[in-house]
Amino acid sequence: MLSCQPQSKPNVLQQVTDSGVLKVGTQYGLTTYYTGPNGPEGFEYELVKGFADFLGVRLEIYPYFSLSQAFSQVQKQQIQLLAAGLSVTPQRSNEFKFGPPYQYVSQKLIFKQGAVRPRGPEDLTGEMIVVAGSNHTDTLRRLQQEYSNLDWQATNEMDNEELMEAVLREEYDYTIADSNILAIMRRRHPELSIGFTLQEPQRVAWAMSKAQDDSLLAAMLDYFGTLYEDGRLAALEDKYFGHIRQFNYVDTRLFIKAAEKTLPEYLPLFEQYADKIDWRLLAAMSYQESHWNPRARSPTGVRGLMMLTLPTAKELGVTSRLDPRQSIQGGARYLQGLIERIPERIEYPDRLWFALAAYNVGMGHLEDARILTERQGGNPDIWVDVKSRLPLLRQKRFYKTTRYGYARGDEAVTYVSNIRRYYDTLVWLDEQQRLGVDTDQPEAIGD
């Protein structure tokens, strides 16, 4: 007689593949997950959607309104992992299992520009508020052991973005923000100032239940290995954060003011002639070129809102580069032509960044940089790899091997980054205007 052997329970990875669904928790936010005009967006969303595709299953996203609720669902194994820009802290590591790190963030003490700058925990004399259950509360509890007077409020009613806006409204004196989300928020609210760093860079990774076996973790390691190897992780990181690493308060403030005061005069023209291009990108490009000055002139002789060269203007049928209508129409047509000349295999948004770089440095020099990228083992079809080679076109040992020779490739990199930052800000301003939100901000005082 055959003995009955109990059926072994399939591991987590097998359960996922058998069901055809990967259940992932997250939180709403600029760096995690939100619904954009074309559907779900966000750095964490794209990263975890790629993992589901890697496993050959469908992604089910569960956005939670509080971290404590999200962590609870991980513990109960109602979801297989939590992807919410989570810093790996000692406290969390005691309770959860984490996947491989894919980013590093530091924690910054935030106050409003113009107030007295706190330079350390001993200077925190006002009201501070942070997100309940966040890594920030862990940091504050640790600091409280040394600074016994340290006090704060924790809330589940507002997210990190809302807390920073509350500080700007002077409802609270301080909050804490991770460096990646702060970089995005300062493009919208330049008055967000950094007092000091509370926590040096920490790993960011996905969380799983400690009771869960390691099968999904092993698949995760394979997935991130391929992302690192083929450059997709670097490209995705660049898409969301690559252009906002550097912050210039004066430039950001001046741009927002120009968008409110000067842009309305030319906005109908940008909308009219943008055609297939987002008018906000065209406007951002024009600001980088001329600061929306129709009579702008550079030392090299380019003129007008879109800074067209004389030969390009003639080719486009522009009879007066100083005429805003002709300049915008000509610049839009020229940019669209460059986009169409980029190889079809290059996808958006990289295709757009390549075209912008070509507008600045020329298509020939861009191709030289792509060839250099390939020679050096990089991917010539992704912007993050090519932008690191464009500056090499200033160095003789590199440009002497290229077809078109010397070029100020570093300026093209700055050019694209600036346009991307201005574009992000214009998108936000446009959305706020559509919602009827007042974005006017008081003038800052002092440093």
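# Briefing: salt bridges and aromatic pairs in a predicted model

Asp-430 counts as buried, because its relative accessibility is 10%, and buried means under 20% relative accessible area, exposed over 50% and partly exposed in between (1.4 Å probe, protein chains only). This is a predicted model, in which local features need pLDDT of at least 70 and side-chain atom pairs count only at pLDDT 80 or more, while totals for chains, interfaces and linings use all residues. Residues are numbered from 1 along each chain as its sequence is written, and side-chain values use heavy atoms, with hydrogens and water left out.

**Salt bridges around Asp-430**

- Asp-430 and Arg-434 join their side chains in a salt bridge of 3.1 Å, N to O; the term stands for a side-chain nitrogen of Lys or Arg within 4 Å of a carboxyl oxygen of Asp or Glu.
- Arg-434 and Asp-430 are four residues apart in helix 19, so about one helical turn separates them; helices (H or I, at least four residues) and strands (E, at least two) are DSSP runs, numbered from the N terminus.
- Arg-434 has 63% relative accessibility and therefore counts as exposed.
- A network of salt bridges links Asp-430 and Arg-434 with Asp-278 and Arg-280.

**Other salt bridges**

- The whole structure holds 19 salt bridges.
- One of them joins the side chains of Lys-97 and Asp-214, at 2.7 Å from N to O.
- This pair connects distant parts of the chain, 117 residues apart: Lys-97 is in strand 6 (residues 96-98), and Asp-214 is in the loop between strand 12 (207-209) and helix 8 (215-230).
- Lys-97 counts as buried at 15% relative accessibility, whereas Asp-214, at 45%, counts as partly exposed.
- Asp-410 also forms a salt bridge, with Arg-394, and the closest N and O atoms are 3.1 Å apart.

**Aromatic pairs**

- The count comes to 24 aromatic pairs, where rings of Phe, Tyr and Trp (its six-membered ring) pair if their centres lie within 6.5 Å, and planes under 30 degrees apart count as stacked, over 60 as edge-to-face and the rest as tilted.
- Tyr-240 and Phe-241 make a tilted pair, because their planes stand at 45 degrees, with the ring centres 6.4 Å apart.
- Tyr-240 counts as buried at 11% relative accessibility, and Phe-241 counts as buried at 1%.
- Tyr-287 and Trp-292 make an edge-to-face pair, 4.8 Å centre to centre with 65 degrees between the planes, and both residues are buried.
- Tyr-240 and Phe-241 are part of one aromatic cluster, together with Phe-43, Phe-51, Phe-54, Tyr-102, Trp-206, Tyr-223 and Phe-224.

**A charge over a ring**

- Arg-370 lies over the face of Phe-354, at 5.9 Å from the ring centre; a charge sits over a ring if NZ of Lys or CZ of Arg is within 6 Å of the ring centre and within 35 degrees of the ring normal.

**Annotated span**

- An unreviewed UniProt entry annotates residues 21-244 as "domain: Solute-binding protein family 3/N-terminal"; UniProt positions are given in the numbering used here, feature names are shortened, and annotations may be inferred rather than shown by experiment.
- Residues 21-244 are 38% helix and 27% strand, and the end C-alpha atoms of this span lie 34 Å apart.
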